[in-house]
Amino acid sequence: LFTKVDVQPVGDEDQNKDLLISVEERPNLYFELGGAAATDQGIQAFGRMGHRNLFGLGHRLTLLGQAGVGWIGDGWVPDIAAPEWRAAARYEAPNIPASGQNLAVDILFNAQDQESYFRIERSGIGLGIRVSLGGRSSAELAWRAQIRRLQDADPALLIVQDPWNEVFEENNLVFPTPYRPWSGPVFSLLLDGRDDAFNPHRGMVANLEVVVSDGLLARLTDISFEETPWIRSEAGISAHIPLGAELGLLLKLRGGISLGGGEHTLPMEDRFRLGGGSSLRGFAPDSIGPSNLASTVNLDLPDEIEPMISWAARKDQRWIPTGGDSMALGSIELKIPFTSLGLSDWEGWQAAVFADAGNVWFRQEDIQTDSSLAGIDPTLRYSVGFGVRRTTAVGPIQIDVGFNPNPIPEREEPLFPGFIPVRIHLSLGAL
């Protein structure tokens, strides 16, 4: 709340002293800019502005704008034809409904998210209560409602049990789709015991998120859509362990599962996905798990010749990861400061070696994808590699080279340079 606090003794030295305290309040209005660039996510920028003390009651209003573009394929060519953006606002009222609790209202005016194989539009509102647990730890319980609309999607993503089937006419993928309402309570928990939030050397951080789809908004609207309630939960924990000679060990565990849904599974935008610089670093983003085959051409052929043409055009097919309703991931990483390697001029730089393991699955046995029918879905996927780290004033720099030691030939997983399955991940800055 304050940028300056002065304490001065007042009175005779031989008597009890009074203290004269003067404070200087931080500016109520603030404005922030930030950005990041990564081989997996593209280029992102954000702006945040707000007021810290509305009405003199400590209420906060924050406005957020974010925009960015991804890359075309694996090249570093910005995909300006598919930009991402979002505009949102958050109002927080302290000590409501009780001391130590914050009442928060969130409004998502519009968000356009471009994922690996689909594009979705969202708008919505949320009402929640946030409780501080000390330090950087907190818990929040909210109820959120959104109107969602698919702007584009690869047809191979749409498995039979996907709730989006109910807004397609006879399974005809016409975009943009009709709007689909979603609502439900969301519980989140953050326990942060690290010594530093931006450059930690010791301590643990754990998080939990539980999302319940209650179908209430669908029943209250005239939109022809019904969603069987489901629960999606995801948890993670990271431990920073200092070792001798300035070495550091980073251990990460993540897991997720969904329950309920009746005959449905999670909709495509809520499914678990792995692969890329933030999970299994020997793989392309979101490429882990069950997949369907999709053809690069879509011809309306007579039934008598369609199988023959499909076989002849099999090289024009590609695998599209569908995501899944459960997920597990584990990572171990050893960090080695350059200075401990005798490079005294490289203070602040770190080398790293790592290993990742995990996968994405569908729990329901009746959900069949092309990869599961072909029997090429392994139980776990692995990646190993090395990288370089650096913390800067504009955010962290991270370069990772990940290797896939067990590529699946049937999935045509990329090999570079011709026989080594490797992915290079680079990121700069943080949002």
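**Reading strands, burial and salt bridges in a predicted model**

Author: Leu61 counts as partly exposed, at 31% relative accessibility, on a scale where buried means under 20% relative accessible area, exposed means over 50%, and partly exposed lies in between (1.4 Å probe, protein chains only). The model is predicted, with local features needing a pLDDT of at least 70 and side-chain atom pairs counting only at pLDDT 80 or more, while totals for chains, interfaces and linings use all residues. Residues are numbered from 1 along each chain as its sequence is written, and side-chain values use heavy atoms, with hydrogens and water left out.

Reader: In which strand is the place of Leu61, and how many helices and strands does the chain have?

Author: Leu61 is placed in strand β5, and the chain as a whole has 3 helices and 20 strands. These elements are DSSP runs numbered from the N terminus, helices being H or I over at least four residues and strands being E over at least two.

Reader: In what sense do β3 and β4 pair, and what joins β4 to β5?

Author: Two strands pair if DSSP finds at least two bridges between them. β3 and β4 are antiparallel over 10 bridges, with Gly35 standing opposite Ala45 in β4, and a hairpin of 3 residues carries the chain from β3 to β4. β4 and β5 also run antiparallel, joined by 10 bridges, and Gln44 has Gly68 in β5 as its bridge partner. The hairpin between β4 and β5 has 4 residues, and Phe55 in this turn has a positive phi of about 60°.

Reader: Which side chains meet in salt bridges, and how many salt bridges does the count come to?

Author: Side chains of opposite charge can pair when their charged atoms come close. The rule used here asks for a side-chain nitrogen of Lys or Arg within 4 Å of a carboxyl oxygen of Asp or Glu, and by this rule the count comes to 23. One of them is formed by Glu32 and Arg48, at 2.7 Å from N to O, and this pair links distant parts of the chain, with Glu32 in β3 (residues 29-38) and Arg48 in β4 (residues 42-54), 16 residues apart. Glu32 is partly exposed, at 34% relative accessible area, and Arg48 is partly exposed at 27%.

Reader: What do the salt bridges of Asp377 and Asp400 tie together?

Author: Asp377 meets Arg411 at 3.8 Å, N to O; Asp377 lies in the loop between α3 (370-373) and β18 (381-392) and Arg411 in the loop between β19 and β20, so this bridge ties together parts that are 34 residues apart in sequence. Asp377 is partly exposed at 31% relative accessibility, whereas Arg411 is buried at 9%. Asp400 meets Arg389 at 2.8 Å, N to O; because Asp400 lies in strand β19 and Arg389 in strand β18, the parts tied together are 11 residues apart in sequence. Both Asp400 and Arg389 are buried. Elsewhere, salt bridges with shared partners join Arg90, Glu92, Asp106, Glu140 and Arg144 into one network.

Reader: Where is the place of Asn404, and is Asn404 buried or exposed?

Author: Asn404 is in the loop between β19 (395-403) and β20 (422-430), and Asn404 is buried, with a relative accessible area of 4%. Its side chain reaches the backbone nitrogen of Asn406 at 3.1 Å. Contact means heavy atoms within 4.5 Å, and beyond neighbours within four places in sequence, Asn404 is in contact with residues including Gly282, Phe283, Arg381 and Tyr382.

Reader: Which residues is Ser258 in contact with, leaving aside its neighbours within four places in sequence?

Author: Ser258, found in strand β13 (residues 248-260) and buried at 6% relative accessibility, is in contact with Ile231, Arg232, Leu266, Phe272, Asp325 and Arg363. For the chain, 60% of contacts between residues at least 6 apart in sequence join residues at least 24 apart, and buried residues make up 39% of the 431 residues.

Notes: Polar contact = N/O pair within 3.5 Å; in protein donor to acceptor, adjacent residues only side chain to side chain.
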